[in-house]
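Subject: Structure for your review

Dear colleague,

Please find below the structure that I am handing over to you.

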Amino acid sequence: MTSKQKGWKEIPIAGVCWTPTTEYLTGDWRTFKPVPDLQKCNKCLLCYVYCPDGAIEWKREAEKIEFNYNYCKGCGICANECRQEAIKMVRE
Amino acid sequence: MSSEWKFTTKDLAEKPELLMPGHRACAGCGPAVVYRQILKATRGPIIATNATGCMEVVTTIYPYTAWRIPWIHTAFENVAANAAGIETALKVMKRKGHLKHDHIDVIAFAGDGGTYDIGLQALSGAVERGHDFLYVLYDNEAYMNTGIQRSGGTPHCASTTTSPAGRVIPGKPEYKKPIADIMVAHGIPYVAAASPAYWRDLITKARKGLEVKGPAFLHALAPCPRGWRYDTSKTIEIARLAVETCVFPLWEAVDGEHSLSAPSKVIALKPERKKPVREYLKNQGRFRHLFTPEFEHIIDEIEHIVDRRWKLLLKKCGMA
Amino acid sequence: MTVVKQKLLALSGDEAVAYAVKQSDVDVVAAYPITPQTIIVEKFSEYVHNGEVDTEFICVESEHSALTACLAAAATGARTFTASASAGLALMHEILYVTSGCRAPVVMTIVNRALSAPINIHCDHADSMVERDASWIQIYVENSQEAYDSTIQAFKIAEHPDILLPAMVMLDAFFLSHTLESVNVLLDATVREFVGTRKIPLVRSHEGKLVPFKLDPKNPVTMGPLDLYDYYFEHKKQQEEAMQRALQTIKQVHDEYGEISGRRYGNGLIDPYRLEDADIAAICVGSTAGTTKVVVDQLRAKGVKAGLLRLRTYRPFPSQDLREALENVKAIAVMDRSNSFGAYGGPIFHEVRHVLYDAPTRPQVVNYIYGLGGRDMPQTLIHEIYKDLQKIVKTKRVEKPVQFIGVRE
């Protein structure tokens, strides 16, 4: 293995994980990108509830949804489920 | 039994994300939606255990983990025994004063393979002994992790890699095992069927399952775009159609007393709202072979099975 | 030596084990009945139902779940115990590896029983020998007293923060499990103090903190992930290192226990008998050592320089101790109460012979497969083995390096 990887003395025992998946960006899996139209958005947050990836964030202060494209895999569930038709899937 | 907890989507959005993004489930993964929704139902400290399967793999590819709660996987067929061990350890450690928390919930996740098939013995044993835990079956209706092989949860005539749609045998010859009925027959305090399309219903049921003392079993339908062969954007749509066609009705049984949940109750009261099963099957590649002259009669057969099971359920719910 | 007050009880091997577990402040016991282990869990159930222990007993639906529940409870921070035998241990096979891989210090008694088919409930070592590669510590005992003593020691060895490996204590079916013996037991408080409460070491979690190595909502850790070619090997190396460290820990715990109880079994790893000036020696594990000692005494009385080495710890394998103890013996008979079908001899033979390959003296080593399915191993047969050894020394020739003894033609 490459020398960058840790040796047996450096890692926790028993396969205890030491890195959160938030450090693993799945955004580059995406072919289509969800683009919200915040004018049309009624803030029902169904997209948030149906997202498999937790890639839609509710910004409480700003009172709006925000896509985290670091993680969004572009499945399109949000666009399909949005009753306001406020999310468009756009080819990257 | 009813939960005191009422919530809006904003309440959910403000609860911490216990399953972190960056997990490697496929785009449009139904089980990932189910997991996220269920983890929004937590009421305090919780320990999770997972059977081997898609969600075990995609959430914990070493050294990464998507879990913000303590989590353990040991093997495929034993997740209920994991839960039993954890719950029992917590009980005794609390009694001996070795535990800081007043109460810790225990949740076990398994797919259909880990529940209907290889894990049934451990599950039956654990609920018979009455351990206090919530068992979540995320049912994507085949062994997706190993490449879409049929399980006891695969529906009749679905094409899988071990029950392919052949020229002679059109998919899986057998029928879906009534797993939730089997769990009700164990006499446990809470059993429910839920679909992620009806998120409020699913999350409330998960919460009830955590709140109830003793074993609770939550059967969550979890469509899989890869295995069911549909467009990744349709996961929730298909999860909704399963309910609208009565292929997967929503119900719960509290201490063995059945009742229909709202989306299915509407259909029971207004049967004209029940959609034909064809609507559910047609968007899924695993049933594509049924839409040929040779095998089209099977659709009627499936409709017939669905009707029969629906009627039995209505009877149990006192709505026949 | 500060030998403490003890009580003399008449206990079978199984009862002695149950008594040791009762005294060891175990949190969770999960077990499933199987002859000849059942007395252990029956006896322990009595303790639970009579309020004599503060332990949760999970009466599981299979051995697979028994070990799983112990593993998960141990991962939650509990001290755990289970017991099994034969087919039960075989059913646990998968979880044995998971338990050691999760570094869960479960303690398990195995009452050695033959494997099916044909079904047989009597003693041989096939069940535990097949699990030698599962990264469990394996201690084989000679009598019920040692079963009691070793069970207590096993908790302390397995839970040692440098080790964190599960441990099996093996006793022979019926010869020990069901036979009454006088057993000296320590007082409850003495055992309680000896085993202490379980200490949980710290690990680095995905939150970047050093946290207790257990399932704890305050400090979440992920256990049992998917571990591929980039790190799995490193985790296995860690297990091997822990196993090697256990050689020292087993000796150390055995010594500490010896200080209190006055009882020692060799150095905890090997238990030699009249071996110092021996020309010929047998090697065995378990209760056969008792009969063999009688034979050794008889031979010594006739002026034959015979000795015995009882292997107490089989995993980790005490290679160095064994080599040092045996290098001046001229001919050695390894007695295996199990067979590795199609191999060149039984499992203990393989390792003893292999270790002695490095000894400059290179003694002759032969193998006897004996006692399968509970077949008795009388003194007469053991005499035959020593007779063969004398002949080998005399002629410097080995006629049959591997043979079955006590089987009818």
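For the charge count that follows, Lys and Arg are taken as positive and Asp and Glu as negative, while His and the chain ends are left out. Please bear in mind that this is a predicted model. On that basis, chain A carries 14 positive and 12 negative side chains. The centres of these two sets are 2 Å apart.

**Chain A as a whole**

Two helices and five strands make up the secondary structure of chain A. Their order along the sequence is β-β-α-β-β-α-β. The C-alpha trace of chain A spans about 55 × 30 × 20 Å along its principal axes. Its radius of gyration is 18 Å, whereas a compact globule of 92 residues would have a value near 12 Å. Of the 92 residues in chain A, 48% are buried. Where contacts in chain A link residues at least 6 apart in sequence, 64% of them join residues at least 24 apart.

**A hairpin in chain A**

Strand E3 of chain A covers residues 56-59 and pairs with E4(A) in the antiparallel sense, over four bridges. Within this pairing, Ile56(A) stands opposite Phe67(A) of E4(A). The two strands E3(A) and E4(A) form a hairpin, with four residues between them. In the turn, Glu63(A) has a positive phi of about 55 degrees. Which residues of strand E4 in chain A lie on its covered face, and which on its uncovered one? In this strand, residues 64-67, the covered face holds Ile65(A) and Phe67(A), and the uncovered face holds Lys64(A) and Glu66(A).

**A sheet with strands from chains B and C**

Strands of a sheet pair through backbone hydrogen bonds, in either a parallel or an antiparallel sense. An open sheet of nine strands runs in the order E9(B)-E8(B)-E6(B)-E7(B)-E5(B)-E4(B)-E1(B)-E3(B)-E11(C), with mixed pairing. Strand E9 (257-260) of chain B and strand E11 (222-223) of chain C stand at its edges; each has a single partner strand, so one side of each is left without a neighbour in the sheet. Elsewhere in the sheet, strand E1 of chain B (residues 46-50) pairs with strand E4 of chain B (residues 105-111) in the parallel sense over five bridges. Thr49(B) stands opposite Ala108(B) in E4(B).

**Helices of chain B**

Helix H2 of chain B, residues 30-39, is mostly covered, with 10 of its 10 residues buried. Among them are Tyr35(B), Arg36(B) and Gln37(B). In helix H6 of chain B (residues 120-128), the buried residues are Ala122(B), Leu123(B), Gly125(B), Ala126(B) and Val127(B). The elements against which the buried residues of H6(B) pack include helix H4 (79-95) and strand E5 (134-139) of chain B, together with helix H3 (63-75) of chain C. After H6(B) comes Gly130(B), with a positive phi near 80 degrees.

**A glutamate in chain C**

Is Glu351(C) buried or exposed? This residue lies in helix H11 of chain C, residues 347-356. Because buried means under 20% relative accessible area, Glu351(C) counts as buried at 13%. Leaving aside residues up to four places away in sequence, Glu351(C) touches Arg132(C), Tyr314(C), Arg315(C) and Phe317(C).

Definitions and conventions. Residues numbered from 1 in each chain as written. Chains lettered and ligands numbered in written order. Predicted model: local features only at pLDDT ≥ 70, side-chain atom pairs only at ≥ 80, totals over all residues. Heavy atoms only, no water. Rg over C-alpha atoms; globule rule 2.2 N^0.38 Å. Buried < 20%, exposed > 50% of the residue type's maximum accessible area, 1.4 Å probe, protein only. Contact = heavy atoms within 4.5 Å. Charge placed at Lys NZ, Arg CZ, Asp CG, Glu CD. Pairing = 2+ DSSP bridges.
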